[in-house]
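Please look through the model below before reading on.

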Amino acid sequence: MEYIVSARKYRPITFDSVVGQAALTTTLKNAVKSGKLAHAYLFCGPRGVGKTTCARIFAKAINCQHPTAEGEACNECESCQSFNEQRSLNIFELDAASNNSVEHIKTLMEQTRIPPQLGRYKVFIIDEVHMLSTAAFNAFLKTLEEPPAHVIFILATTEKHKILPTILSRCQIYDFERMTIRNTVDHLKHVAEKEGITYEEQALAVIAEKADGGMRDALSIFDQAASFCQGNITYEKVIEDLNVLDAENYFQIIDLSINNKVSDIMLLLNNVINKGFDGGLLIQGLAKHVRNVLMAKDPQTLPLLEVSNQQRQRYQDQAKKCETRFLYQALKKMNQCDINYRQSSNKRLLVELTLIEIAQITQPAEEGDSAGRSPRRLKSLFKHLMRQAQPKTAAPQVAAAQPVAPSKPSNSGNSSSSNIADKSSNSSQPNKAVKLGGIGFSWNNLMDQDQKKPSKINIIPGTVSPAITPQKNAQFSQEDLELQWMAMCNRMPQELSGIATRMKNMNPTITELPQIEVQVDNALIKKEMEDFKGRIVSTLRNGLQNENLSLEIRIAEQKKEIKIMTRREQFEKLTKENPAIEKLRQVFNLELA
């Protein structure tokens, strides 16, 4: 007996046997029952969802001499019998992929003139209609708009956007849906029972997911798996045959990430790559897995999981162990990895870093530095280093720079008698570590000193160099001015980052020492700088050690616009300046190109 593949053997022959297109088949059956038929239909949708099959069933039902009360063909009359035996003269199928020229369309138009010999209509099914050339579409327009009363066109396409709008406006459009995993699994169960094949539901779910919404693809993969498994389709054999990454890997990665087991994840990744799977494929599959876990956390979104019942329960169990914040951040990191994967020159390293970051999402913050995470508290790290390298006696300049609080004992070895008395009274206490903030000047130190004694210095926070004592009238050069200006811009705080970027492109100049001038592009920038001009001046005075320094902010003069002339305008200008050029043109009868 001749072997027939499942996609052909179990092709639907009635509307009720069509899978996953209930709304469309109901509409078509009602049109057959009522006799209200359009002259042109357009069936759109992805591959393998039943477009051509529905077109054939519809064409047979239209010409059926005794249709049922539900709008189905009777399969008993002469018209149905001739169609089933592929000898019908009233139903024509044309493959537009290979018959896409104007001549083929003209031949088709000539056939529309002949009335049907049996039945009421001549039905023309044009598959892959988007492959017709523009000229063929234009030749088809008039006939499609006003065909003979006995002609019905059924067009099918997978790429609706390639069809001319003038064609679309002349057709009733039916958009076919993709097959859901649930519908595909149910149909595969039906086929397996008919063929006497045993199966695991999880294995059929893998086949349905691999088919990506196409029933024809699912049946082809089913035949392949049945041949490999020899009549017993199991999950292990299916993933081996289809070279699909086992979902167990994704469950393990998430479990290990929750427990911050980076080493085990790296070993698992190495095992996956050694089996021939791409790192990007792992990230994509893991992202889909995390999305499913996120959906499983809420009973309202649980129906969005198109998986088997066994898998759905596993997702629910893992969702109970995962925090929502962890899932959100993991999805964000994997999405970023997927975006950068193609451009990366070291793809494996990118995948490894992404998995490491995911495994450290739930790690306590205090373990961040030792675990290789980005250091969040650099100051505490420096304190630790300073504590290890602290000398027994602090340097005099450190003690002089650190503000002295009367309520706290001093750590300085060079102090007044009162400090010495305080030190002797607290000799039983261990020496405190020198804080990083006590080295040199900082914004906080100056603020503390300003509170204790009056000062006229008002500087930009973070822009003062350490241990600088301003002089009254120090000389400075243009190079010194530019150096201090750039240093000030680089050290300006975050809230002034916008104007700091513009100030870096400015060139302050010395007009008459110690007077300086800076030019800005417009009045808006000038106003913005005027708001904290005093702080700029104080910072420059402190950096250049000149208390008489002054700053003038001036708007730069706009250059006069130069009109760009056309070639004719250039020629006319030349002829006015030199009339001989016009005489030369007239003598040789020249024209301006």
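What follows takes the sheet, then the helix pair.

This is a predicted model, in which local features need pLDDT of at least 70, side-chain atom pairs count only at pLDDT 80 or more, and totals for chains, interfaces and linings use all residues. Residues are numbered from 1 along each chain as its sequence is written, and side-chain values use heavy atoms, with hydrogens and water left out.

An open sheet is formed by 5 strands with parallel pairing, in the order 2-3-4-1-5. Helices (H or I, at least four residues) and strands (E, at least two) are DSSP runs, numbered from the N terminus; two strands pair if DSSP finds at least two bridges between them. Strand 2 (91–95) and strand 5 (172–175) are the edges: each has a single partner strand, so one side of each lacks a neighbour in the sheet. From one strand to the next, the twist averages 15 degrees.

Strand 3 (residues 122–127) and strand 4 (residues 151–157) run parallel and are joined by 5 bridges. Within this pair, Ile126 has Leu155 of strand 4 as its bridge partner.

The axes of helix 10 (residues 215–229) and helix 11 (residues 235–242) come within 10 Å and cross at roughly 115 degrees. Helix 10 is therefore roughly perpendicular to helix 11 (65 to 115 degrees; under 35 is roughly parallel, over 145 roughly antiparallel, the rest oblique). Axes are lines fitted to C-alpha atoms, for helices over the stretch in contact, and angles run from 0 to 180 degrees between N-to-C directions. The contact (heavy atoms within 4.5 Å) involves residues of helix 10 including Ile221 and Phe228, and residues of helix 11 including Val238 and Leu242.
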